[in-house]
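Please look over the structure shown below, and then read the briefing on its helices, its sheet and the contact between its chains.

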Amino acid sequence: MGWLFGHGGGRPGRSAEVASERLQLVLKYDRARLPPGLVDVLKDELLNVLRRYLDVVEEGIEVSFSAGDRRLEAPMALVANVPVRGPRRAAPSPARR
Amino acid sequence: MAGRAIVVTSGKGGVGKTTATANLGVALAQMGRRVAVVDADIGLRNLDVVLGLENRIVYDLVDVIEGTCKLRAALIRDKRVDNLVLLPAAQTRGKEAVTPEQMRDLVQQLREEFDYVLVDCPAGIDQGFHSAVAGASEALIVTTPEVAAVRDADRVIGLLESKEIYEPRLIINRIRPHMVRKGDMLEVGDVLEILAIPLIGIVPDDEEIIVSTNRGEPVVLSNHSRAGRALRNVARRLEGEEVPFAELEEDGWMARLRRLISRTSRAASGRG
């Protein structure tokens, strides 16, 4: 998120760093042929499912894709970090779908 | 033995493909190689003006493909350098006038007679790109240290792989050392790490390029241009020579002082 701050401030001498971060992010999605907005949609839907079973710390959720490696033909990975306080307080109703 | 067919490509336009192609062609010819430079940017002919050969065009690439003239008749000899010819693009036709198969045949014919066939690829990744890369077995990617150019280069590297052109080599063009030092320009290392292909040239931003293009005299013909020197080094590396990447070092007393200090301290630590 550092680029958000370096961005509009017009501070000299930092724009290369901003360029590098933006480039790495955009290429991650280019290479995976994924639209960058997908993460947010996915995060919301995952959260809907998780909430049914777990007491999730919503502010702490991080969902992202790790970069793949073209040379190693390594696929990218969906990485989700979901802090959990415990099981959902009210038991989920099994009848609900 | 058949010559090497190398496509010069970038994805993004305006990063210096044509200038690189023209100058590498001249540099290789000066080194005694037989070189054909091919303008594959059908409809937007430009390699001719960068080389200063625009007034001598009679036939073009599409004429050859359509059988209007023999290949030999369309090749323009550069009178300043021995062994360099240009096959110009058609100006009044579109990209669809050439298919990848036709291009492959054409490049194959040129490879019989020349040591190097350098193909100047159009910007973009549509049909013009597919035709331009069709005959090539090697590629040079030209990029500038900017987000948009590097992104497009990455896309093109992937496309080349799907055409079985592996290990394209990278020319990073228009580096401005003082901006890099201030942290306001992507460094060579940043770009290399992201694109993960071997480097073959670092070309400093140089006003001499504009002057030489104005005149139609390739910058490698001039001895006092930094970009010209860098491009000559690319040609030597293509020939397999190991040339250290020293182009980023600026001329002037500050740079010389800095170099001297680093050399002295390296020597000192080496002895100690």
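Two residues are taken to be in contact if their C-beta atoms, placed from the backbone, lie within 7 Å. The model is predicted, so that local features need pLDDT of at least 70 and side-chain atom pairs count only at pLDDT 80 or more, whereas totals for chains, interfaces and linings use all residues. Residues are numbered from 1 along each chain as its sequence is written, and chains are lettered from A and ligands numbered from 1 in the order in which they are written.

**Sheet of chain B**
- Helices (H or I, at least four residues) and strands (E, at least two) are DSSP runs, numbered from the N terminus, and two strands pair if DSSP finds at least two bridges between them.
- Eight strands of chain B form an open sheet with mixed pairing, in the order E3-E4-E2-E5-E1-E6-E7-E8.
- Strands E3 (76–77) and E8 (199–204) of chain B stand at the edges with a single partner strand each, so one side of each has no neighbour in the sheet.
- Strands E2 (residues 35–39) and E5 (residues 116–120) of chain B pair in the parallel sense over five bridges, and Ala36(B) stands opposite Val117(B) in E5(B).

**Helices of chain B**
- H11(B) lies across E7 and E8 of chain B, running at about 170 degrees to E8(B), where angles run from 0 to 180 degrees between N-to-C directions and axes are lines fitted to C-alpha atoms, for helices over the stretch in contact.
- Helix H1 (residues 17–30) of chain B packs against helix H11 (residues 226–238) of chain B at an angle of about 65 degrees, with their axes 9 Å apart.

**Contact between chains**
- In the contact between the chains, 16 residues of chain A meet 14 residues of chain B.
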